[in-house]
Amino acid sequence: MSGVTFQWDRGLLVGNLGGMNIVVLIKQVPDTWSERRLADSDHTLDRASADVVLDEINERAVEEALKIKEAGGGEVTVVTMGPARATEAIRKALSMGADSAVHLTDEGLHGSCAVQTATALAKVIGTVGAVDLIIAGNEATDGTMGAIPAMVADVLGLPELTHARKVTVEAGTVTVERETDDGVTVLQADLPAVVSVNEKINEPRYPSFKGIMAAKKKPVRTLSLVDAGLAGSDVGLAAATSTVIESAPRPPRSAGQVVTDDGDGAAQLVEYLIAQKLI
Amino acid sequence: MAEILVLVEHSGGEVKKITSELLTAAARLGEPAAVVVGTPGTAGKLSDRLAAYGAAKVYVAESDQVNQFLTEPSVGVLAELVGSVQPAAVLIAASPDGKEIAGKLAVRTGSGLLSDAVDLAEDGTATHSVFGGSYLAKSKATTPVAVITIRAGAIEPVCSPGAAVEQSIEVPVVRAGTAAKIVERRSVEGGDRPELTEASVVVSGGRGVGSADNFAIVEKLADSLGAAVGASRAAVDSGFYPHQFQVGQTGKTVAPQLYVALGISGAIQHRAGMQTSKTIIAVNKDPEAPIFEIADFGVVGDLFTIAPQLTEAVAKRKG
């Protein structure tokens with residue numbers, strides 16, 4: 001497992017003498033082990049019908065932020081937007097050890113597109129103050145858009161270092177090993193910056209009993225659109241830059257032929273493949 | 001007819017297959033215009049192939065700076081072109097880099113982002129396969145320009161000659177502090193097997209394979225079929241096979257012509273990554289395994305008996 005090395009150079013980040021100010025973007029998603037649905041009325045995610053969890057990859061993002069904080073001091077703030085139920089995901093992150101949370105929740109957010117989501121998240125991050133590092137998961141399991149961290153970075157005019165399997169923060173610089181199918185690319189940028197982590201980055205800790213108890217007392221700031229400095233026309237279904245016009249469950253696959261191997265199972269399989277012109 | 005910009009994916013002087021798929025999709029919407037972002041001398045090697053798949057124009061954006069940054073040069077070039085050409089859409093591969101470029105371009109131009117489309121209609125409506133293929137959704141941009149990423153292998157490329165008239169454009173200089181620098185590149189030691197998400201045949205192993213060593217059986221069958229090798233989450237979590245080969249909700253989504261599942265029970269997690277495959281074959285000892293509910297042909301039996309027999313039969317057939 002990759003670790004974090006951290007060498008603090010106070011001279012370089014004047015104004016942050018308490019250490020790094022880190023924001024972690026988290027998202028509550030339907031459990032991938034349960035059935036998930038889209039609402040019939042407006043084709044948005046039916047969040048009420050599924051079991052929801054803190055997205056696995058977000059736990060790794062929280063873990064990475066905590067490691068950086070533990071090495072060099074600082075503050076970890078989790079930021080999320082979504083319905084009231086997202087407080088469960090926030091509690092999980094706080095019980096792991098994050099210091100506080102900001103939750104943007106407003107009826108007006110319903111049906112927001114990716115561009116609006118990135119804009120809104122950037123606004124909320126702006127309310128946290130002078131942030132050094134923003135950490136997110138590389139891809140949520142429900143939307144798999146895989147672009148939100150880069151989009152938030154673009155709204156904020158910050159560099160993005162995505163798909164990190166290793167993060168090193170050193171003297172005002174962040175270096176990551178970015179891993180995709182094409183291989184590994186080492187990226188470097190001056191702070192502040194946005195980092196997204198992949199599933200290899202670390203093993204997230206389990207919240208301790210002490211952590212769970214402490215989380216209950218940690219500050220959670222709930223913001224409405226107005227509180228975040230957003231106008232109703234900035235977000236929501238009506239002003240979205242893209243819209244889902246139709247959705248339907250794919251007709252389920254029906255089971256085909258199943259044979260039991262009594263010595264000729266492989267032969268029957270070969271026959272099938274030949275008949276289907278697959279070999 | 002409005003231009004449809006296609007960001008060309010290339011490596012080592014070759015056009016990647018996805019680019020021909022994007023050009024084919026672009027021709028449905030308007031006039032395909034390929035955009036090559038690369039180091040000086042890149043576009044010359046690519047233009048024949050771009051012409052063959054219908055590029056009417058080729059915008060050539062070449063600069064040494066392109067190698068120093070991951071996505072920023074492409075985003076800058078496309079944003080300039082969106083302003084000057086006013087295309088109806090920009091089509092980009094739904095690869096990790098492509099998704100990032102598309103997202104930033106959508107932010108910068110205030111355009112609707114349609115992500116990971118598996119089909120594209122003449123009016124710009126994109127079809128998405130969501131929640132691992134259990135839902136189909138259609139979406140449309142409400143903005144003048146749509147930024148659309150398209151999944152590899154989803155659209156059948158069609159040869160259709162285009163003029164491929166070249167036009168040089170500038171690569172905007174990257175502003176300091178807005179993009180991460182590339183310090184080092186280590187390319188993956190990719191074997192001879194096709195890439196998982198592009199392969200037309202995938203052979204995957206699950207918990208039933210039992211050990212990392214036993215995965216050789218999966219690999220042998222894959223090699224006889226010219227297939228990519230995949231693994232279920234259970235197999236990856238047990239340390240049998242590396243994570244980059246994981247098929248499922250938290251891994252890769254594949255949709256090959258043929259998917260062979262060996263010793264995979266077929267949890268929702270896994271089905272989400274492979275249930276849109278054309279033909280699914282399953283071999284599992286457990287007759288109750290959910291994988292049989294979606295398999296076109298299933299064999300209840302021991303994979304250690306059946307897979308080697310199948311490997312041999314395929315090899316024999318190939319002669």
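What follows is a conversation about a predicted model, in which each label is set against its definition.

User: How are residues and chains labelled, and what kind of model is this?

Analyst: Residues are numbered from 1 along each chain as its sequence is written, while chains are lettered from A and ligands numbered from 1 in the order in which they are written. This is a predicted model, in which local features need pLDDT of at least 70 and side-chain atom pairs count only at pLDDT 80 or more, whereas totals for chains, interfaces and linings use all residues.

User: Why is Lys277(A) called exposed?

Analyst: A residue is buried if 20 or more other C-beta atoms lie within 10 Å of its own, exposed if 12 or fewer, and partly exposed in between, with C-beta atoms placed from the backbone. Lys277(A) has 7 C-beta neighbours inside 10 Å, and therefore counts as exposed. Its place is in the segment after helix H6 (265–275) of chain A, where helices (H or I, at least four residues) and strands (E, at least two) are DSSP runs, numbered from the N terminus.

User: What makes helix H2 (residues 87–96) of chain A largely enclosed?

Analyst: Seven of its 10 residues are buried, so H2(A) is largely enclosed by the rest of the structure. Among the buried residues are Ala89(A), Ile90(A) and Lys92(A). Just after H2(A) comes Gly97(A), which takes a positive phi of about 140°.

User: What makes the buried residues of helix H2 (residues 42–52) of chain B line one face?

Analyst: The buried residues in this helix are Ala43(B), Leu46(B) and Leu50(B). Seen down the axis of H2(B), they fall within an arc of 75° (the arc is that of the directions from the helix axis to the C-beta atoms), so they line one face of the helix. These buried residues pack against strand E2 (10–11), strand E3 (14–15), E4, E5 and E11 of chain B.

User: Why are strand E14 (257–260) of chain A and strand E14 (228–231) of chain B said to stand at the edges of their sheet?

Analyst: Two strands pair if DSSP finds at least two bridges between them. The open sheet has six strands in the order E14(A)-E17(B)-E16(B)-E15(B)-E13(B)-E14(B), with parallel pairing. E14(A) and E14(B) each have a single partner strand, so one side of each is left without a neighbour in the sheet. The twist averages 15° from one strand to the next.

User: How do you know that E14(A) and E17(B) pair?

Analyst: These two strands pair in the parallel sense over four bridges, which meets the requirement of at least two. Val259(A) stands opposite Val299(B) in E17(B). Strand E13 (residues 201–205) of chain B and E14(B) likewise pair in the parallel sense over four bridges, and there the bridge partner of Val203(B) is Val229(B) in E14(B).

User: Which strands stand at the edges of the open sheet of 10 strands?

Analyst: That sheet has the order E13(A)-E9(B)-E8(B)-E7(B)-E10(B)-E6(B)-E1(B)-E4(B)-E5(B)-E11(B), with mixed pairing. The edge strands are strand E13 (242–249) of chain A together with strand E11 (165–168) of chain B, each of which pairs on one side only. Within the sheet, strand E1 (residues 3–7) and strand E6 (residues 89–93) of chain B pair in the parallel sense over three bridges, and the bridge partner of Val6(B) in E6(B) is Leu91(B).

User: What makes residues of the two chains count as being in contact, and how many are there?

Analyst: Two residues are in contact if their C-beta atoms, placed from the backbone, lie within 7 Å. By that definition, 72 residues of chain B are in contact with 65 residues of chain A. H4(B) gives the most to the side of chain B that touches chain A, with nine residues. By class, this side has 31 nonpolar, 26 polar and 15 charged residues, where Ala, Val, Leu, Ile, Met, Phe, Trp, Tyr, Cys and Pro count as nonpolar, Asp, Glu, Lys and Arg as charged, and the others, Gly among them, as polar.

Technical notes. Axes fitted to C-alpha atoms, helices over the stretch in contact; angles between N-to-C directions.
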